[in-house]
Amino acid sequence: MPLDTVTCEHLLNIPFLRVSRVEIGVKEIHIDCYIAKTSGETCPNCGGLVNNKRPKYERTVRALDISGRKVYLHLTLHQYTCDCGRTFSEGFDFVSAGKSYTKRQSAYILEMCRKQSHLEVAAIVDMCHKTVERLCYAEIENRLTKVDWSKVHRIGIDEFSFRKGHKDFIVILADLDSHEVLDILEHRSKSFVTSYFKGLGEAFCHQIKEFCSDMWGPFQDIGKTLFPNALVHVERFHWMAHLNKALDYYRKYLRRTDKEESSFKNLKWKLIKRTENLKVQEVKDLGEAFEKNSTLKGLYGFSNELQAIFDKCYSRNQAEIKVADWLKRANSFDNKYLNKFIELFHRHQDNIMNYFYTRLSSAVVEGKNNLLRTIKRFTFTYDQLQPF
């Protein structure tokens with residue numbers, strides 16, 4: 001049974017769209033339609049309202065699918081002639097100029113590409129993957145808003161390896177107040193990032209109140225030299241990761257030297273996990289391992305103690321006393337893996353302890369980093385594949 005034109009107009013839900021004919025095929029639906037405006041078009045030359053129009057040609061655009069069928073709108077496009085002598089064609093709000101698909105279709109495909117590769121989405125919607133790629137770029141560009149740098153006061157910065165083996169690093173800049181990505185830089189060299197920030201102006205550099213990065217030296221140097229009024233932080237996540245590595249290195253040492261001891265197996269995530277999140281069996285497994293090796297128990301205790309200090313709402317002075325005591329006891333423990341962490345902690349201690357002024361975290365940057373990694377995985381070997 002043919003689809004009623006009025007019902008079709010309600011399904012499309014496009015203002016002023018009138019359907020004159022509907023043809024339903026096995027895989028496609030073709031809809032002849034036009035825009036019936038009560039008022040004319042504004043002349044791009046003189047700005048006057050023009051009502052004098054005539055049918056010019058047909059424009060075909062793809063709309064959202066209906067019941068697995070591709071939907072094509074065959075739009076009758078009118079041409080207007082103004083008294084000033086200017087002749088122009090009518091525009092449509094629901095489709096961008098020069099595009100062969102509606103804005104809804106574009107937005108829908110972009111949402112699909114958030115969690116799938118362009119190739120997979122192209123197969124689903126039956127389009128060339130290059131078209132899907134161009135569509136996504138255009139849609140993202142339309143959604144981008146110009147950054148108002150005058151409102152940025154707290155910056156988070158982190159790098160992301162775009163190739164296996166820690167190669168081709170890119171840099172992510174995020175506003176730690178709005179949690180929005182400010183920019184993505186194609187290089188992470190100190191000279192490049194320095195030039196970028198200097199290009200934003202001296203006033204911008206003086207307005208930054210806090211700067212948070214990982215433990216990479218050039219980032220820390222940039223924070224100190226370019227932002228004279230900023231409190232420079234080392235993100236807590238990064239130095240805690242080094243402490244967890246010290247614990248994990250000793251676990252690996254135990255596995256190498258005592259391969260038959262079952263209590264040392266499958267401990268990695270149990271040692272790193274917060275104690276309050278451990279399950280009953282995990283607590284039991286750790287207890288058995290600690291009975292076999294007191295050094296492992298000691299390292300685990302030091303890790304939890306330092307983490308607990310940073311969980312408390314201490315002032316900077318109070319925290320300095322607590323951390324100094326921890327460092328004294330950790331040094332006397334004399335474990336080579338823990339000693340390596342202590343050396344690293346000492347080099348960055350001042351910026352690490354700035355955490356107790358504002359408890360700033362750049363977790364949002366890590367979140368954006370993970371999103372980029374997800375996108376990278378979905379597009380793996382994408383550039384090597386040919387269009388189908």
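Which residues does Trp239 touch, not counting residues up to four places away in sequence? In this predicted model, local features need pLDDT of at least 70 and side-chain atom pairs count only at pLDDT 80 or more, while totals for chains, interfaces and linings use all residues. Residues are numbered from 1 along each chain as its sequence is written, and side-chain values use heavy atoms, with hydrogens and water left out.

With that separation in sequence, Trp239 touches Met215, Val234, Leu306, Phe310, Phe341, Phe345 and Ile352, where contact means heavy atoms within 4.5 Å. Trp239 belongs to the largest nonpolar core, which has 38 residues; Trp239, Leu306, Phe310, Trp326 and Phe345 touch the most other members. A nonpolar core is a set of buried Ala, Val, Leu, Ile, Met, Phe, Trp, Tyr and Cys residues joined through side-chain atoms within 4.5 Å. Buried means under 20% relative accessible area, exposed over 50%, and partly exposed in between, with a 1.4 Å probe and protein chains only.

At least two residues of this core come from each of helices H8 (236-257), H10 (280-292), H11 (294-311), H12 (316-333), H13 (336-353) and H14 (355-358). Helices here are DSSP runs of H or I with at least four residues, numbered from the N terminus. H13 gives the most to the core, 8 residues. A second, separate core has 21 residues, among them Trp149, Ile155, Leu185 and Val232. In soluble globular proteins, nonpolar side chains tend to be buried together.

Next comes a helix pair. The axes of H5 (residues 190-199) and H7 (residues 217-226) come within 10 Å and cross at roughly 30 degrees; axes are lines fitted to C-alpha atoms over the stretch in contact, and angles run from 0 to 180 degrees between N-to-C directions. H5 and H7 are therefore roughly parallel to each other, the term for angles under 35 degrees. The contact is made by Lys190, Val193, Thr194, Phe197 and Lys198 of H5 and by Pro218, Asp221, Ile222 and Leu226 of H7.

Two loop residues remain. Most residues other than glycine have a negative phi. Asn266, in the loop between H8 and H9 (268-272), has a positive phi near 55 degrees and is exposed, with a relative accessible area of 67%. Asp334 lies in the loop between H12 and H13; its phi is positive, about 55 degrees, and at 59% relative accessibility Asp334 counts as exposed.

Conventions
Parallel < 35°, antiparallel > 145°, perpendicular 65-115°, else oblique.
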